[in-house]
Amino acid sequence: MPANGNDITSVVIVGGGTAGWMAAAALSKYLADGRRRFTLVESDAIGTVGVGEATIPPIKSFNQMLGIDENAFLRATRGTFKLGIEFRNWGQVGDRYFHPFGAYGQDLHGIAFHQLWLRERARSGAAAGAIGDYSMCTVAAMLGRAARPAPTARSLVSQLAYAYHFDAGLYATFLRTRAEEQGTVRREGTIARVHRDGESGDVTAVELADGSLVAGDLFIDCSGFRGLLIEETLGAGYHDWSHWLPMDRALAVPTANTGSPDPYTRSTAHGAGWQWRIPLQHRTGNGHVFSSSFMERDEATRILLANLEGEVLADPRELRFLTGTRAKTWHHNVIALGLASGFIEPLESTSIHLVQNGIQRLFALFPDKAISPVERDHFNEGMHAAYEDVRDFIILHYKATQRDDTPFWRYVRDMPVPDTLTRRMELWRLHGRVFRDDAELFALPSWVAVMLGQNLWPQRHDPIADTLDPERVAAHMAQMRADYRATAEALPTQEQFLRQAGAWA
Ligand code: FAD
């Protein structure tokens, strides 16, 4: 291909956290053509956030796109399989439900399974079992079992869907090796100044503390919460969503494992937030996400330490954040990814996914030097919609609570929520229907899991479910339930599975 004077030939990635190395590994794999240089600048003195250990299933396609061998990745990052998230104390204190990655049951004659379950429950009460009894991921997770999905639909194991838990620092190191092998040049140093073109205002170079310059045509800002280029330099602006999601602090602490790692994340709600538990091969990550408007740090620390299993391996580390998204994630010749582009609390493990989403959008809209406003605006609209998608789903967990034991829970229960979510909840309340665009991240089972899990019961099931013979459906469901249980019981524990697969470090 002849060189085009308008082509971007130098890409500078600012930051070497998970976002920076994901971007470097992906861009240098697919956009290196011998003329284009990739440079990543990171500062050992500043360091990275270092948490971010739970993911959602699309990460598998990101790793596959990079040609990563799954067993090698799991060994290198001390990773485990994650089949979903267990929520405790969210609807009411004492409640438990599971948000599985896979589907519920099998649809019959095009009728969604949860509608059949709602009808059967209305007909026979507790005898219908919990909706989770009809989910391969839920049943396997609650037994501590894991496996790769079977390749044939004849086996119920084919219904397992999974993501990973992994050590975020080790993942960044793993990706760094690949990115450097693909030609990315790493520069260690703290950026002290940013140079801009006097006319266009575009960023032309970053200057390190030793005075050296790293120049580029396109800058990917992965500098974390501060947004060194996108915000501190260009002032892109921020949409603050903390009135809907008032969490603004987290305390993170690792503990030793107490047995085979559970194949799921646990989220336990407390008085003004919630606590995560993420089991890896070599340790368990824990953290308490809370709102400083409703709880003091000392109390949050006490609650965290009182609710840990296993030996505590370090002192709690505090992280601060403001929920929201950058008004423009692409501004001038700077594209922000990761924490520099925004942050929504990790309740559904979506931040790393939003990095992946941004990288995919960047591939689809990779610019020339003369950046087209049409491409840039399209990118910004898409990223904004992706953030809003996640936002609404997270808010649902708070809004759909019956808790009134603390001022925090009363606030989130009574707060007005975005119209998009209000409408979705109203549609659900009538006949248990979920309407969503194909581009949305969370599929039907995810909405069903959280709505039902938090006791948001529809007034009635979809009348179309009444077209099927109830006795036949009940018999079919009873068989299905027994089959899920028997299939899950025959699976290995997570540790056995990872060892047998050659994925245990
Ligand atoms: P950072 O890790 O902050 O990296 C920033 C980089 O920029 C660093 O390399 C730093 O050295 C560099 N830098 C900054 N300033 C300069 C400078 N002046 N000069 C040179 N370099 C500079 N995500 C999930 O998907 N799942 C989770 O379970 C999850 N849990 C989380 C829990 C908490 C409490 C928090 C806060 C986040 C969580 N996340 C989670 C988000 C996840 O951690 C981040 O999305 C991910 O780590 C990406 O971070 P980052 O690379 O954008 O930023």
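## A starting point: paired strands

Two strands count as a pair when DSSP finds at least two bridges between them. With that in hand, welcome to this predicted model. Strand S18 (residues 324–326) and strand S21 run antiparallel and are joined by two bridges. Thr325 stands opposite Gly342 in S21.

This pair belongs to an open sheet of three strands, in the order S12-S18-S21, with antiparallel pairing. Strand S12 (238–240) and S21 each have a single partner strand and stand at the edges, so one side of each is left without a neighbour in the sheet.

## How the chain is divided

Let's step back to the whole chain. The protein chain is divided into three parts: domain 1 (10–79 + 166–240 + 323–389), domain 2 (102–161 + 418–495) and domain 3 (249–320). Taken over C-alpha atoms, the centres of domain 2 and domain 3 are separated by 30 Å. Their contact takes six residues from domain 2 and five residues from domain 3. On the domain 2 side, the residues that touch domain 3 are two nonpolar, three polar and one charged.

## Around the ligand

Now for the ligand and its surroundings. There are 37 residues around the ligand, and those that come nearest are Gly15, Gly17, Gly52, Gly224 and Gly338. By class, the shell around the ligand holds 18 nonpolar, 17 polar and two charged residues.

Where do the residues of this shell come from? Domain 1 and domain 3 each supply at least three residues. Looking at helices and strands, at least two residues of the shell come from each of helix H1 (18–30), strand S2 (37–42), strand S13 (249–255) and helix H9 (351–364). Helix H1 gives the most, with three residues.

## Positions marked in UniProt

An unreviewed UniProt entry places the feature "binding site" at Gly16, Gly17, Thr18, Ala19, Leu339 and Ile352. These positions span 337 residues in sequence, yet no two of their C-alpha atoms are more than 13.8 Å apart, so they gather at one spot.

The UniProt annotation "binding site", again from an unreviewed entry, also covers Glu348. You can find Glu348 in the loop between strand S21 (342–343) and H9.

## A closer look at three of them

Is Thr18 buried or exposed? A residue counts as buried if 20 or more other C-beta atoms lie within 10 Å of its own. Thr18 has 26 C-beta neighbours inside 10 Å, so Thr18 counts as buried. Thr18 lies in helix H1. Leaving aside residues up to four places away in sequence, Thr18 touches Gly52, Ala168, Tyr171, Ala172, Gly338, Ile352 and Val355.

Ile352 has its place in helix H9. Ile352 is buried, because 26 other C-beta atoms lie within 10 Å. Which residues does Ile352 touch, not counting residues up to four places away in sequence? They are Thr18, Gly52, Thr55 and Ile59.

With 23 C-beta neighbours inside 10 Å, Glu348 counts as buried. Again leaving out residues up to four places away in sequence, Glu348 touches Phe393 and Ile394.

How values were computed:
Residues are numbered from 1 along each chain as its sequence is written. This is a predicted model: local features need pLDDT of at least 70, side-chain atom pairs count only at pLDDT 80 or more; totals for chains, interfaces and linings use all residues. A residue is near a molecule or strand if its C-beta atom, placed from the backbone, lies within 6 Å of it. Helices (H or I, at least four residues) and strands (E, at least two) are DSSP runs, numbered from the N terminus. Ala, Val, Leu, Ile, Met, Phe, Trp, Tyr, Cys and Pro count as nonpolar, Asp, Glu, Lys and Arg as charged, and the others, Gly among them, as polar. Domain bounds come from an automatic or database domain assignment. UniProt positions are given in the numbering used here, feature names are shortened, and annotations may be inferred rather than shown by experiment. A residue is buried if 20 or more other C-beta atoms lie within 10 Å of its own, exposed if 12 or fewer, and partly exposed in between; C-beta atoms are placed from the backbone. Two residues are in contact if their C-beta atoms, placed from the backbone, lie within 7 Å.
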